Amino acid sequence: MEEFGCEWNDAPHSMGTTIMAVQYEGGVILGADSRTTTGAYVANRASDKITELTDNVYICRSGSAADSQIVSDYSRYFLNQHTIQLGRDATVKTAANIVRELSYGNKSFLECGLIVAGWDKYENGSVYSIPLGGTILRLPFSTGGSGSSYLYGFLDQAWKDGMNKEEAEALVVKAVSLAMARDGSSGGVVRTVIIDSSGVTRNFYPGDKLPLYYEEIPYRPTVEPMSA
Amino acid sequence: MTGKQPYVGQALDSPHAFTLAPGPTKHTQYPYVTGTSVLGIKYKDGVLIAADTAGSYGSTVRYKSVERLKTCGKHCLIGASGEISDFQQILSYVDKLILNDYMWDDGNNLSPRDIHNYLTRIMYNKRNSFDPLWNTLVIGGVKNGEKYLGVVTMIGVHYEDNHVASGFGNHLARPIFRDEWHENMTLEEGIQLLEKALTVLFYRDRSAINKVQVANITAEGINISEPYALKTNWDYKAFKNPTAGAVGSW
């Protein structure tokens, strides 16, 4: 029987991706691009890579779409039970450790880099990075996905301690847009999620409204038809 | 009183593998987030162990504040190089071991030698199941006046010595230790020796960063320093003008 596969049809769905989360004074900002690829084809140009685990804890997903989805689903399932049994909201630390147990325990099967962030009354905002392998690290901010390679230098310079909500969100949008400008596996729109004591706010920054960088040009409807 | 402690053959019963893949569970792994060298020396009053705070992701220095030196109980400190997630798991096992020991409430507690032996069993047994913890561990401590310093590798090789190192440290630091270590060094001499080796490692190990911690274990207790930077020297004529006299710039 002949193989009919084409590499661009059959390659696993991967979220090339740029993901990011930043802790600020009263909470956290999560940010991500929206491109999902199968090989070179953009399977979904408006994906939502910031997924809810509980009311107060969200997760940014990168790497294999299937793997990050299944880990998120199982984590949400366990956290749901945990919240019922505990009788109050789960902490971000607990949520992150449940994600880590799955990530570490299945390390030879999974290929996903995750960032868990949220708000609870004990720690206020917290960000936990869970890269490939299942290491867990609490950090003031974290990036992930293929696009994050382009952000190390930028964030070394631009991230400052003690940012407020507006500054932190502006930093996330700027960083994710910069990564999208250079990483072929990242693109589309920028989505952000803000989590603080009062709840969750989702923001949407369409691709054509993002700032333009080096050698990018604006859209200008032609006024005159081209002359011969 | 026993929790889920590691046991022989455990890897084959992987508790968290929600997988339908047929056949035996294969766990041969690759390290992802790694720590580089750990150094250890005995001195007059106890043991000094040092490591930098980098967590590398391949060639990228991805995390710059990873604490690779951790206390275990009152008398012992473990330093790890290799995969950080596996080190975090080892700390969890040792934590349970120490807690278990404490709950006996019999006036006794585990010595650094006991912890070294426990870790050796874990590392060797997992190696036999082709499911290693990808670390080299340096264990040091002082109990009842006896200074202890040892190493366990990911394949279960284990030994004790007056000075030890993991990774690049074996090639760059041990020769310095062989030349300059002696019995009954003072604390100052010990730190100086470690810092000399750490500086060489920063110059010559691409995964090393200039942000280190030194831990001091004595009969009185364990103290891990806050991360600090080493002095480096780049001000040499030959560095400023490496190709003086050469045709071309090499």
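Between chain B and chain A, 10 residue pairs are in polar contact, both residues being at pLDDT 80 or more; a polar contact is a pair of N or O atoms within 3.5 Å, where within protein one must be able to donate a hydrogen and the other to accept it, and residues adjacent in sequence count only if both atoms are side-chain atoms. The side of chain B that touches chain A receives two or more residues from each of strand 5 (60-63) and helix 1 (84-103) of chain B. Helix 1 of chain B supplies the largest share of that side, 5 residues. Helices (H or I, at least four residues) and strands (E, at least two) are DSSP runs, numbered from the N terminus.

The model is predicted: local features need pLDDT of at least 70, side-chain atom pairs count only at pLDDT 80 or more, and totals for chains, interfaces and linings use all residues. Residues are numbered from 1 along each chain as its sequence is written, chains are lettered from A and ligands numbered from 1 in the order in which they are written, and side-chain values use heavy atoms, with hydrogens and water left out.

Contact, meaning heavy atoms within 4.5 Å, joins 24 residues of chain B to 24 residues of chain A. The two chains bury about 2000 Å² between them, 56% of it on carbon and sulfur atoms; buried area is the accessible area (1.4 Å probe) that two parts lose on being put together, summed over both. The count of salt bridges between chain B and chain A is 1, a salt bridge being a side-chain nitrogen of Lys or Arg within 4 Å of a carboxyl oxygen of Asp or Glu. K107(A) forms a salt bridge with D86(B), and their closest N and O atoms are 3.3 Å apart.

Grid points are joined across faces, edges and corners, and a volume is the space filled by probe spheres set on the points. By this rule there are 2 cavities of 30 Å³ or more.

| Space | Volume |
|---|---|
| Second largest pocket | about 470 Å³ |
| Largest cavity | about 80 Å³ |
| Second largest cavity | about 40 Å³ |

The second largest pocket is lined by 17 residues, of which F141(A), D156(A), R62(B), Y63(B) and K64(B) are the closest to its centre. Strand 5 of chain B gives the most to this lining, with 4 residues.

Residues lining the largest cavity include D52(B), R68(B) and F202(B), and helix 4 (residues 187-204) of chain B gives the most to that lining, with 3 residues. The second largest cavity has K107(A), E111(A) and Y32(B) among its lining residues.

Technical notes. 1 Å grid on protein atoms, 1.4 Å probe; cavity = no way out; pocket = protein on both sides within 12 Å on 5 of 7 lines; lining within 4 Å.
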